[in-house]
Structure formats: structure tokens, C-alpha cells
Amino acid sequence: MSGRARTRARGRARGRASPKPAAPGPSAAPGSSAAVSATQQPGQIQPRLQQLPKESQVAVPGQPKGAEGTSQPPEELQLSAGLQATTLRGQRGCGGVFRDLVVNTRQYLEHVRKSTAGSQGKVVKLFANHFRVLSHPQWIAYKYKVDYTPDIDNGDVRDSLLFQHEALIGKCHIFDGSSLLLPHRLPEPKTELVSKLKDELVKVTIEFSSELTPTSPDRLRYYNIFFRKLEVWPGYITSILQYENDMTLCADVNHKLLRMETAYDLIMRIRDDAKNKNIDVEEQVSKELVGFIVFTKFNNKTYRVDAINWKETPKTVFKKSDGTKITFVEYYKKQYNVQVTDLNQPLLISKGKWKKSHQDTPHEPIFLVPELCHLTGLTGKMRQDYGLMKDLATHMRLEPERRHLGLQTFMTAMQKDENVQKELQHWDFKFDTKFLSFSGRILKEVRIFQGKRAFDSHPQFADWSRETRSGPLLNVKSLDHWLILYTKRNYGAAFSLMQSLRKVTPTMGIAMRDAKMLEVSDTVKSYITVLEKHDSSNTQMVVCVLSSDRKEMYDGIKKYLCVNCPIPSQCVVARTLDKPQTLMTIATKIAQQMNCKMGGALWKVQTGLQNAMFIGIDCFHDIVNRRKSIAGFVASVNEDLTEWFSQCIFQESGQELVNGLKACLQEALKLWYERNSLLPYSIIVYRDGVGDGQLQALIDYEIPQIVSSLTSIFDSQNFKLTFIVVKKRINTRIFVESQGRLQNPLPGTVVDVAVTRREWYDFFIVSQSVKEGTVTPTHYNVIHDTVHLSPDTVQCLTYRLCHMYYNLPGVIRVPAPCHYAHKLAYLVGQSIHQEPHHSLSNRLFYL
């Protein structure tokens, strides 16, 4: 089953108990857990955390549950098949980035204190979607806390109540819903005002909190709020941050996919189908809606549907935060001037977005009216429509030149809009209108070793698929005892697969006997029954030819073969074997995957480090099903990086930081010692899946766990540890100019100046090649390094590791251990929901 199919099928919960009706209450504001100082360890970083004032914690304006804000979405771009590609504004909450800014890790890394720039590779002129801030306020600013009595939920109402007193506050101000930034002091430290809300009076209390210097990180947070509230250019995401040499505005085009169909339309369609078919309406609606994202136009927000409440309707009465009672129909009419027409439709339930700092706080359910909720994303039928997918790619995957043109349009609009310029002048903001330019480097192509052959990856496409299928693999496992399971109608596909495998395996050096062919019914129970009867201790591999990509079928088979009967397995959907022109390519891919899952290896690269263990850590958050999160831990157990140890850690739902690293590391080092008769000299950890604002927590919790484990295992011996944070979800884009046009940079392009941070030992690498759109670089931040890796060493090492992922004969976006950890956590969190059998821990069974 393809990863894409599993992604489409993710998280369709069944039979969830509906929560009791809850009034739309105030949204929980993101807080931040207090940082705990790590115990001093030999060579461990103790970063200087500049404590922000208590009031400076970011607070999202409190708004009614299920009915936040009043801003309208931009005009939608009409597409075929009832789709819209809608550009949406970014979220206002941006506190995590600013908490990370005050964590200075570089000052404790003596070997890069003077410079974090490397020198290896071919120098090339690059551009980024950053615009230099030519001027910004240099005066002291004053921060005030703002409270309302009675409390006001709606953020826009809070704005209007406060600015009824603009004569006192002044036109130059930034308000985030709970605190106010002014360029001047108010006459009194505490001011109490009275505002009018229709026929009611509301007391507004403004109390002095702190002074903010021009370099305060909290001040940057307010600038970002100010910039986003201008809202003259929908469809762009922006951020203003201080980088190596300059403060810059990073801007990028932001697309979301919105369907014209509402949740109500879908419910009615299922009800109509049920008249002619034997369908359980409630079960089918849950299957179609639960786990998916809906968009509400009246407030420009998205919600994940967690359940359907069939007992409540829009006529249901709930209690507001002020104690008054109102129906959902009346609420939406009064609050948003939106009329609900069908008074008997059920209500959708969303548990809201999980916040790391509120993991122990009960979630208040958000009730949504289906007819006000537009569906997002693509259905399976839409994905199979080649013409539609091509149209979507044209609009949403912008080539570098089109992206550049869009951002130039954005800057021109900002310069020409008189209202925007007036607001910017209040705060003395001026921006360069050209992309930021700087020097980067292109690293040398990486040498691939496969069997007795050696070759370089393609400098432009970063691919070696032709080479890898035309000769013996690095380490092959003979396929002697294996099973192929298929349904009666898929016998032809199963037989074709085995015939094709007979043709491709000799070239790769794989000795293969014919599989035992077993017919099954198209149910999970039938697959399991047949396996129970025919598997043995000698069975090396099970291949299941599936009739479709149904998630329930895939999950049931994988769970049995990973937990109850631990045998490496390969699932393939029959229709992928129907095309003769691609059958040999698919068979080659399957043969390579099976070889890896049985303990073989395809190729290797030279890392340049001797006796070094590489570790990848990533998390999968099964937010849809509200199950515990899964942390994937993967560690190399030989110097060639061809053998890996894998283990999972189950955590509380949504928890990002890994607890229990110590046990994983101890098991990995034990296996390393068994294979190599000595412990590794150094351990390099690549940590993926870390959210904004979590840098300090990594230093306080995860690194001490690893150091403690190493200290107990190595006893009095010295050990060296490097810990690198990997970040894929970034808005920075890198470009190179060729023949007067901007293009994607070549694979291996490194950036370690201009858009990096003064406080960090960080860099960007464009490792992969893309056929469509603009390539996204990956950001790396070295936060602990007693190995003392130089910039050139860590950059080249990281790029080489991007060549070691065995599911693709090409360069991937992140180092292989990171992606292995992701694949492991995803499989367990999405399909198995249990810890895999320990006998599979030294196999890449999750490829």
C-alpha cells in the first residue's frame, strides 16, 4: 500500500462517544512550560536563556469556540470539478519562534564561536525570499496588559472596544488581544475605561507591564502581529526576524485547498444513497468526515472533525461565557450574520488544536454546523483525475520565477498602498523591495558504493536508479521460503509479480526460489487464518497482493505480521501491477524493498567519520484518533550504516519531547557492541519533528537523557555527542539565477550565511531535486557538539546521509536516520498502534 494511500486514509475513527454539548467558550491561550535547568554534564551546553517578562507570553485573543473572528476569506480561484484553491492568511500565534530566539547555543560551542561558515564546494550566488528591513523603531516601547469585565470572547470585539478610546491610546499601537504595545507611556500606570457594546457597558482595564528595548525578542513578536493585521495582501505568509546580519521580512505564497461542497452536502448525499442501498448513514458519515479538516468561511478558520453528534441540532440551547443562553441558530445569526437553514441537521464536534503547554488541560469541544463547514483536501476520486491534478499543480506548485513574480507583486502592493504606508511610517518601517542575495556553495557529488561498483549521483537530478538496478546489490539475502497471498480475482497480478521478480532478481544478485502461492478471501480474517496455517519459523517474507488500498485491510495485515506473527512483509495493490510497461520497474523496487526488510543492503556512502553511531528521532502525533503519540528511534549499528536498530516510545497524545530515550540508547549501544566488539567513538543525533519554542526543552530534557545514558554505559571512558535539530516546515526558499531567470538550486547547495542566526550553529541544505514547483531547503541547527564537528564536516556529513535511504535510489530531503524514524513512527501510530515485536528491531520492516 502506498504512503499516499495510507495518508488519505489516516485516522478514520469509528464509534466515538460524542461529548456533551458545550457552549462556545473562550479559546485556551498558549502558555509555556517553565524551563528546567539541566544537570551539568561534561561538555554539555548550558545555553543562556534570557527570561522574557511574564506578561510577554504570547496570548491568542480569546474567542468563542467554533466561532472565532469575523474576517472573510479572499476571493477563491475557481477550478474544475467543484474545487477552489483558496489562499488563506497565516495564523496569528507565533510565540514559539520567539522563545527559540532567546536560546543562545552557539556561545558555548567554542570551535564555531568565531564563524559557522564552511568553505568546501563551488561558490554560487543565491537569492532568498527575504527582504531586508532598512529601518525599524529605535525607541523604547511600552507594553500594557488589557482586561475586560465582563470577559469578551471575540477578538474583533475586543479590538473595537479598546479602540473606542483611540484618543487616549493613539493611532500608533499594536494589540494582540490581551496586551498592547505603545510608543509612548499612558498618563497613569493603570487606566480603567468604559466601552459600549450595543446596549451593554464593558469595563476595559489597561495596566502597565514593562518597557521593551529596540532589540527585545518580544518586540519582534509584536511587529509580526502588526504586519499580519495589515491584511492588505491575502494569500501570503510573512515573518519578521533578526538573522545573521540583518533583520528581514520573509514572505511566501500560501495556498490552501477548499472544496465547494459543504459537510451538509456530503451528509445529504449519503442520506440519498442510503435510500437505494443498504447503508448505515451514521457510520458512513463518520467514515467520510471524522479525521478530516473543514473550513468555516464566516471566520476564516479550519477545524478537524473528531466526531458527529446526532442528538443535537442547531436548535440546541447552550450557555455562553457570560451565562446567557442561546441557540446555535441565534448565535451564528447574531455573531456573524449567518443564517442556518436546516434546523434538524446534526452537529460536528472538534476537540480543537492541541497545545503542548496545555496537555493536562481538558479540551472543550467545539460544535460546528455542517452547512457552514466547507470540506478541504482531495477525495480519492479527485486524486485519480489526471486533468484535475494537473490543474491544481499549475496553481499551487509555483515554479521559482512565478513565485518570485508573486512576491514582487506583494512588495509593490505594499509600497503603493497609502494606508499600509501610513501604518508603516508610524513605526518607522522601511523595506528593501529586492530579494536578499548572498553567497552559497554547491557540495561535491557523493560517491555511491554498490557491490564492487562505485558511481556518483547525478549532479542535477540526484538520482542513481538506473545504476542500482543494473548490477549486484551491496548485501543480498536469498529468498528461499516466502509466501504470496492473493484473492481469487488477483491471481493473475500475483503470478505476474512472481514472474517479474524471477527476471529482475538475478541482475541484483538475489537468489530466489518460487513463492508458495496461497489464495485468500478479501478479508483481514482470511489473510490471518491462512498465515496461521502456512507460516513457519523458516518463513522469510510474506507478500500480500491487495484488491484495494483500504486502510482497514492494510492495518489488519500489518498489525498481525508486526506484532503477533513477526515476519517482514510487503503489501502491493493489484492495480499497480496491471500496466505491463511499468511492471518490471515495480518488481525491481519490490525486490529491493524485500531485500532490505530481510536484513540486506543496497548501497553505502563514506561518511568520513570512523566508528560513529548515527541516530534519528521523529514523532508521529495521531491527533485524529486521540491515541498516544509515537516516537520513532532508529540507530545505526555498523560503520557502513547498512544495519539499523529500531524502537518505539509511546507518549501522551500530542507530546513532542521524547521520554524514555535512555532505554532505547542502551539497547542500540548493546547491539553495536555485539556487532563491533567495541563502543562507538561518537554519537550523532538528528532530531526531527520539533515544534517552534521547543529548543530549550530539548536542551533541558532530551540531551541530558542521552548524556546520562552514555555516562552509565561508557563508565569512565570518554564519549562524544552531537545533537542536531532538523526542521522541514520552513518558509525560506532559496533560488539561483540562470540566464536572467530564477531557478531551483542544484542538489547539495548549502547556505550558512545571511539567513542563519547569530545565536545558533545552523545551516540550510537543498539536498533533493524536484520536478515541479520550488524546492524547499531543510534547516539544521547544531545545539550540542562535543565531537567538535567543523562547519564543512557537519554539512558534508549531513548531505551524505541524505543518500542512504533505501526506499529511493536518490537523495532525500533529510538524513536517512531521520526518515527511517519517521517511517517507523508513522507505521506504528497509523496502522499498528502497538509496539512491534522485538525480533524485528534489527530489520527495516517499516520501509
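**Chatting through a predicted model**

Tutor: Across the protein the mean pLDDT is 83, with 85% of residues reaching 70 or more; pLDDT is the predictor's confidence in each residue, from 0 to 100. This is a predicted model, where local features need pLDDT of at least 70, side-chain atom pairs count only at pLDDT 80 or more, and totals for chains, interfaces and linings use all residues. Residues are numbered from 1 along each chain as its sequence is written, and side-chain values use heavy atoms, leaving out hydrogens and water.

Student: Over which residues does pLDDT stay under 50?

Tutor: Residues 1-94 are one such stretch, and residues 354-361 are another.

Student: In what order do the three strands of the open sheet come?

Tutor: The order is S17-S20-S21, with antiparallel pairing. Strands here are DSSP runs (E, at least two residues), numbered from the N terminus, and two strands pair if DSSP finds at least two bridges between them.

Student: Which strands stand at the edges?

Tutor: S17 (307-309) and S21 (366-368); each has a single partner strand, so one side of each is left without a neighbour in the sheet.

Student: And how many bridges join S20 and S21?

Tutor: Three, with S20 covering residues 347-350. Ser-350 stands opposite Ile-366 in S21.

Student: New topic: where does His-136 lie?

Tutor: In the loop between strand S6 (130-135) and strand S7 (141-149).

Student: Is His-136 buried or exposed?

Tutor: His-136 is buried, at a relative accessible area of 17%. Buried means under 20%, exposed over 50%, partly exposed in between (1.4 Å probe, protein chains only).

Student: What does His-136 touch?

Tutor: Not counting residues up to four places away in sequence, Met-247, Trp-427, Asp-428 and Phe-429; contact means heavy atoms within 4.5 Å.

Terms used: Helices (H or I, at least four residues) and strands (E, at least two) are DSSP runs, numbered from the N terminus.
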